Amino acid sequence: MVSRGFAAEPPNVVFILSDDHRFDFMSCIEGCPEFLKTPNMDRIASEGAVFKNAFVSTSLCSPSRASILTGQYMHHHRVVDNQRDVPVGTRFFPSDLQSGGYNTAFVGKWHMGHDSDEPRSGFDYWASFLGQGVYHDPTLNINGKQNSFSGYTTDVLTDLAIDWLRDRDSSDKPFFLYLSYKAVHYPFTPAPRNQGKYKDEPIDYPETMANTERNYRTQPNWVRNRRYSIHGIDHMETGAFDNDPVPDFDDLYHAYAETVFGLDENVGRVLDYVDQAGLRDNTIVIYMGDNGFELGEHGFYDKRDAFEHSIRVPMLARAPGRIAAGTIVEEMVQNIDVAATILDVCDVQPSKDVQFDGRSMRPLWEETAESKQALADLPWRDHLLYEYHWEWNFPATPTTLAIRTDRFKYIYYHGVWDQNGFYDLKTDPHERHNLIDVPAYQQQITSLQNQLFDELQTSGGLALPIRPPVGERLGQRKLPR
């Protein structure tokens, strides 16, 4: 039995966010490549909880990060792409933590407003960089001043986070640290100490990677066409005049795994400091990815779409005395649940003018009578919604709206002359067979379609924004060979 009243004082929270980390590239998860080891992520899992079905509501950096900080769907917070700043007046949940007596810090990748690294409301300490940042020798805006650093960026960010934990102001206050890594974002760049670590390891290529009739017979046309876009397998090194910066697939895959390994090393450094500083017993550590990532699935190396490897993310949490070691959470959770969860475990009330789309995940890991009653009064979600709006910068992926239950997924593609998607995740976990035209499923398809549009309409999610083109357009498409 885990008691919510384990600690008399408010808990500290360390929230670690990675970029484009697949849910299955942790060695504590079934399906992880055998050669990849992530002992520190595994440590969080064994000492706390694994959320086996964690998802994002939009699989794109800026919208997903905005959903984490606001607890809202993209159609509510209105951060719809990676190019533009956050709408004026947007409130992030760390502001509520500040009001509740917390000392707050943000370290790392912000990436809401591509050309801005300015400090944001809700954080007492700020250390960030422009846009995607770089993997080596970063320049960071620290509380309004530019500072240059030498070294591997993942290591540098960890150094800054630990320094803040050690030297933070108002040390008598509980703290909230948001550590946001650039890794594992493309171009996958491992730390020099790890480069080549996995270069000779065999790759288990995804079943849906091959350009075969079997893989594409029932899929929408855009899925196969995306193979030839900047985010497709058949866009890689197909000729001497392509000037394509993407390496061959094997190099890409191995570099991704090596970058994950370096990320795990730094997660371990944070855990070690928390433990050695005597903070372990009253500090909640949450690890999460901002998006999934396809490494060959359907011929892609990207996210954005509503297939499983795009929308599923890793999520782990350790909270001694609050989360029992070895807890497995099976329910479907989303990035929109993070804000409500952290405020709940910190016993801080959200601002009255903010409406969360998500809810606290605390009852899912607790065995208290209070939590059981909360789930009895309001059962956990039995489905989730997904939304992505077509980008001028990356035009290969159409506007996508989806609803997913524990077994079925319906995907609606807006603005293209194509067919929609319907998949049975139990019999077809790789989403190879689109059942949208199968007569036996038509009633179920219609029901999910109606539910999707009813819920989006009720919450204002059908007003799709059109934005002026901003930034570089990577719309080139190679012809099939």
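First, a term: a polar contact is a pair of N or O atoms within 3.5 Å; within protein, one must be able to donate a hydrogen and the other to accept it, and residues adjacent in sequence count only if both atoms are side-chain atoms. The side chain of His75 makes one with the side chain of Ser459, at 3.0 Å.

Some ground rules. This is a predicted model: local features need pLDDT of at least 70, side-chain atom pairs count only at pLDDT 80 or more, and totals for chains, interfaces and linings use all residues. Residues are numbered from 1 along each chain as its sequence is written, and side-chain values use heavy atoms, with hydrogens and water left out.

Back to His75. Helix α3, residues 74-77, holds His75 (helices are DSSP runs of H or I, at least four residues, numbered from the N terminus). Is His75 buried or exposed? Its relative accessibility is 5%, so His75 counts as buried (buried means under 20% relative accessible area, exposed over 50%, with a 1.4 Å probe and protein chains only). Leaving out residues up to four places away in sequence, His75 touches Glu387, Leu456, Ser459, Gly460 and Gly461 (contact means heavy atoms within 4.5 Å).

Now the lining residues of the spaces. For the largest cavity, α2 (61-70) and α4 (93-99) each supply at least two. For the largest pocket, β2 (49-55), α9 (308-311) and β10 (327-334) each supply at least two; strands are E runs of at least two residues.
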